[in-house]
Amino acid sequence: WSLIRAPSVDENGNDSISCTLPSCSLHLCMQTSSHPLGVYSHQNAPGLIASHGTLGQYLGTSPDLFISRDGGISWSKALSGSWVMTFMDHGSLIVAVRDYNQRASRFLKYSTDGGNHWYEFEFSLSPAVV
């Protein structure tokens with residue numbers, strides 16, 4: 001068992017994350033009622049893994065969504081906050097919606113490049129629980 005190196009850049013590509021081993025690392029959330037995603041991968045999207053997690057010395061209580069494109073060797077922060085998501089078309093499309101435990105939403109986010117860039121789509125005129 002070893003600590004997971006934290007990403008060095010945030011979800012906007014800014015070099016703003018200052019978290020270095022061994023005093024700070026990425027802690028992934030396992031599947032629970034408050035974190036329904038757990039560590040997610042799919043056989044049709046090899047190497048692609050998503051999980052909620054926190055950065056620090058210990059697992060925190062406000063997780064963000066992290067993605068690995070190399071089977072868990074390295075991770076990047078994909079989206080702030082809690083999300084429900086899925087991989088589609090062998091991982092070439094990732095779709096995420098706000099976790100309904102957090103709040104209703106009119107938007108979903110999607111990525112066509114493995115979670116490097118995210119685009120927003122308005123699917124409803126009023127907030128909905130998805």
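Predicted model: local features only at pLDDT ≥ 70, side-chain atom pairs only at ≥ 80, totals over all residues.

1. The main core. The largest nonpolar core has 14 residues, and those that touch the most other members are L65, I67, L79, M85, F87, I94 and W118. Two or more residues come from each of strand 4 (64-68), strand 5 (76-79), strand 6 (83-88) and strand 7 (93-98). Strand 6 is the largest contributor, with 3 residues. As background, nonpolar side chains in soluble globular proteins tend to be buried together.

2. I67. With residues up to four places away in sequence left out, I67 touches L48, I49, A50, S74, W75, S76, A78, I94, G114, G115 and W118. A second, separate core has 5 residues, among them L28, I49, F66 and W75.

3. I94. This residue belongs to strand 7. I94 counts as buried because its relative accessibility is 0%, the cut-off being under 20%. Beyond its neighbours within four places in sequence, I94 is in contact with L48, I67, M85, T86, F87, K109, Y110, S111, G114, G115 and W118. D113 is 19 residues from I94 in sequence, and the C-alpha to C-alpha distance between them is 8.4 Å.

4. Aromatic pairs. Two numbers describe a pair of aromatic rings: the distance of the centres and the angle of the planes. The structure has 2 such pairs. One is formed by Y40 and F87, a tilted pair with 5.0 Å centre to centre and 45 degrees between the planes. Y40 is in strand 2 (residues 39-41) and F87 in strand 6, so the pair links parts of the chain that are 47 residues apart. Y40 has a relative accessibility of 19% and therefore counts as buried, the limit being under 20%. F87 is buried too, at 8%.

5. The other pair. Y110 and Y119 have ring centres 5.6 Å apart and planes at 40 degrees, so this pair is tilted.

6. The pocket. The largest pocket has a volume of about 200 Å³. Its lining consists of W1, S2, L3, I4, S25, L26, H27, L28 and M30. By class, 6 of these lining residues are nonpolar, 3 are polar and none is charged.

7. The cavity. There is 1 cavity of 30 Å³ or more, and the volume of the largest cavity is about 30 Å³. It is lined by V97, R98, D99, Y100, R103, A104, S105, A128, V129 and V130. This lining divides into 6 nonpolar, 1 polar and 3 charged residues.

8. The segment before strand 1. L21 and P22 are joined by a cis peptide bond, with omega about 0 degrees. P22 lies in the segment before strand 1, and so does N14, strand 1 being residues 25-28. N14 is partly exposed at 41% relative accessibility. Apart from residues up to four places away in sequence, N14 touches S8 and V9.

9. Phi is positive in both: near 50 degrees for D89 and near 60 degrees for H90. For comparison, most residues other than glycine have a negative phi, and most peptide bonds are trans. D89 is exposed, with a relative accessible area of 58%. H90 counts as exposed because its relative accessibility is 60%, the cut-off being over 50%. Leaving aside neighbours within four places in sequence, H90 is in contact with N44 and A45. H90 and Q57 are 33 residues apart in sequence, with 34 Å between their C-alpha atoms.

Notes
Residues numbered from 1 in each chain as written. Heavy atoms only, no water. 1 Å grid on protein atoms, 1.4 Å probe; cavity = no way out; pocket = protein on both sides within 12 Å on 5 of 7 lines; lining within 4 Å. Points joined across faces, edges and corners; volume = space filled by probe spheres on them. Nonpolar A, V, L, I, M, F, W, Y, C, P; charged D, E, K, R; others polar. Core = buried A, V, L, I, M, F, W, Y, C linked by side-chain atoms within 4.5 Å. Buried < 20%, exposed > 50% of the residue type's maximum accessible area, 1.4 Å probe, protein only. Helix = DSSP H or I, 4+ residues; strand = E, 2+ residues; numbered from the N terminus. Contact = heavy atoms within 4.5 Å. Phe/Tyr/Trp six-rings, centres within 6.5 Å; stacked < 30°, edge-to-face > 60°.
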